[in-house]
Amino acid sequence: MTPIYLDNNATTRVATEVQAAMAPYYGEHYGNPHSIHALGRRSHEAVEGARAEVAGLLGCHAAEVIFTSCGTEGNALVIRGLLDASPARRRIVTAAVEHPSVLSLLRALESRREIELAVVPVSGDGEIDLDAMVEAVDERTLLVSVMLAQNETGVIHPVSAISGIARGAGALVHVDAVQAAGKIPIDLAALGADFLTVSGHKFHAPKGVGALTIRHGLSLSPLWYGGGQELGLRSGTEPVPSIVGLGSAAVLAVNRLASLDCVRELRDRLESSFGFGSAVNGTSQPRLPNTSSVAFDGIDVTTLILELDAQGICVSGGAACTSGRTEPTATMKAMSRPAAVRFSLSRYTTAGEIDQTIKAVAAIRGRNDRAAS
Ligand code: PLP
């Protein structure tokens, strides 16, 4: 049974074109990009080609892009690297629905008294409270770190307004665009971002490769030292095949953005089938076209996920299960919402798969209601 994969915000399948682009860099062109012989030069050209392709996706210059291993690393490099490079300011402002790669790191730094942290709340629909943001950002603020699109709800945050607030106080802006890349257009200048993080496995590149943009003229301290690759910020021989894959996925993402309109239609069809007894999160806000976060009355999230899984349908949601009930995630708690199921589609999702999912959810809910009555 081929699975119906609706967990694309967790990770995506590597596009066939991406696999094909990577293959020669395992078998044939395996040189170290820093060797000066022909094989090395070939790898170097491939890495620089991919850098330009990623810059094309993010609306910046190739010289502003460095390769990382994942979104978590990019986020850590900005936060820790900036603290090391700019000791004068120690206040960091973020939002309550950030990914743990940002929020857990900031809380750890706060508990070690390395920073002063302000966490701005969100509304029940996941909207960042901009008045609270204005209050939180002051002339001691080093960095404002916000995600462009929320991983559970798909809510798109008003990043350009937030960067305006940050700029007014002389603070820098980091944008975690891990969930946005490949789903909505990204333009670094329009966002007003100084640093922006993406991760390949969220947009049909392989796992283990990502990118970070650093606005020209800004500096970070590296997390570790060595051969000085990637502007001295990420020593270690570059994973050339993965970087080539990231570049290829970036080009595909730019070329296929229009196909996300069809994904949005499928997502909307799915949501409108749920009807009475369901609540979709974030509907008053701009949202990613592929993401649906839904709470269903009277049925536990983990039960629903496992019953869908038994029918070959992959979705996710909730957090650790205590006493048989799924706990809401930190994001849902920040929104004062119950645990929710996340359906996340991709450009490979078909109408037939959505029809099957609609039927499966209806059948499970029907059985659950009958058992309860
Ligand atoms: N930021 C966001 C918004 C994410 O959704 C994720 C992963 O789910 C990450 C960062 C971490 O990315 P990675 O898994 O590449 O470390």
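1. Let's start at the ligand. Of the 14 residues around it, Thr72, Asp176, Gln179, Ser199 and Lys202 come nearest; a residue counts as near if one of its heavy atoms lies within 4 Å of the molecule. Please keep in mind that this is a predicted model, in which local features need pLDDT of at least 70, side-chain atom pairs count only at pLDDT 80 or more, and totals for chains, interfaces and linings use all residues. Residues are numbered from 1 along each chain as its sequence is written, and side-chain values use heavy atoms, with hydrogens and water left out.

2. In the side chain of Asp176, an N or O atom is 2.6 Å from a nitrogen atom of the ligand. An oxygen atom of the ligand lies 2.9 Å from a backbone N or O atom of Gly71. For His99, a polar side-chain atom lies 3.5 Å from an oxygen atom of the ligand.

3. Next, look at strand β3 (residues 91-95). Helices (H or I, at least four residues) and strands (E, at least two) are DSSP runs, numbered from the N terminus. Because 5 of its 5 residues are buried, β3 is largely enclosed by the rest of the structure. Buried means under 20% relative accessible area, exposed over 50%, and partly exposed in between (1.4 Å probe, protein chains only). Arg91, Val93 and Ala95 point one way from β3, while Ile92 and Thr94 point the other way.

4. Which strands pair with β3? One is β4 (residues 116-120), in the parallel sense over 5 bridges, with Ile92 opposite Leu117. Another is β5 (residues 141-147), which runs parallel to β3 and is joined to it by 4 bridges; there Val93 has Val144 as its bridge partner. Two strands pair if DSSP finds at least two bridges between them.

5. β3, helix α5 (residues 100-111) and β4 also form a right-handed β-α-β unit. Right-handed here means that, with the strands pointing away from the viewer, the path from the first strand over the helix to the second runs clockwise.

6. Leu83, in helix α4 (residues 71-85), is buried, with a relative accessible area of 5%. Leaving aside neighbours within four places in sequence, Leu83 is in contact (heavy atoms within 4.5 Å) with Arg90, Ile92, Leu109, Ile115 and Leu142. The C-alpha atoms of Leu83 and Leu143 are separated by 9.1 Å, with the two residues 60 apart along the chain.

7. The largest nonpolar core has 61 residues, and Met133, Val144, Leu148, Ile186, Leu196 and Phe203 have the most contacts inside it. Helix α9 (residues 240-256) gives the most to this core, with 8 residues. Apart from it lies another core, of 25 residues, including Leu270 and Phe343. Such a core is a set of buried Ala, Val, Leu, Ile, Met, Phe, Trp, Tyr and Cys residues joined through side-chain atoms within 4.5 Å.

8. Finally, two polar residues deserve a look. Thr291, in strand β10, counts as buried at 0% relative accessibility, and its side chain makes a polar contact of 3.0 Å with that of Asn9. Gln285, in the loop between β9 and β10, is buried at 15%, and a polar contact of 3.5 Å joins its side chain to that of Glu127. A polar contact is a pair of N or O atoms within 3.5 Å; within protein, one must be able to donate a hydrogen and the other to accept it, and residues adjacent in sequence count only if both atoms are side-chain atoms.
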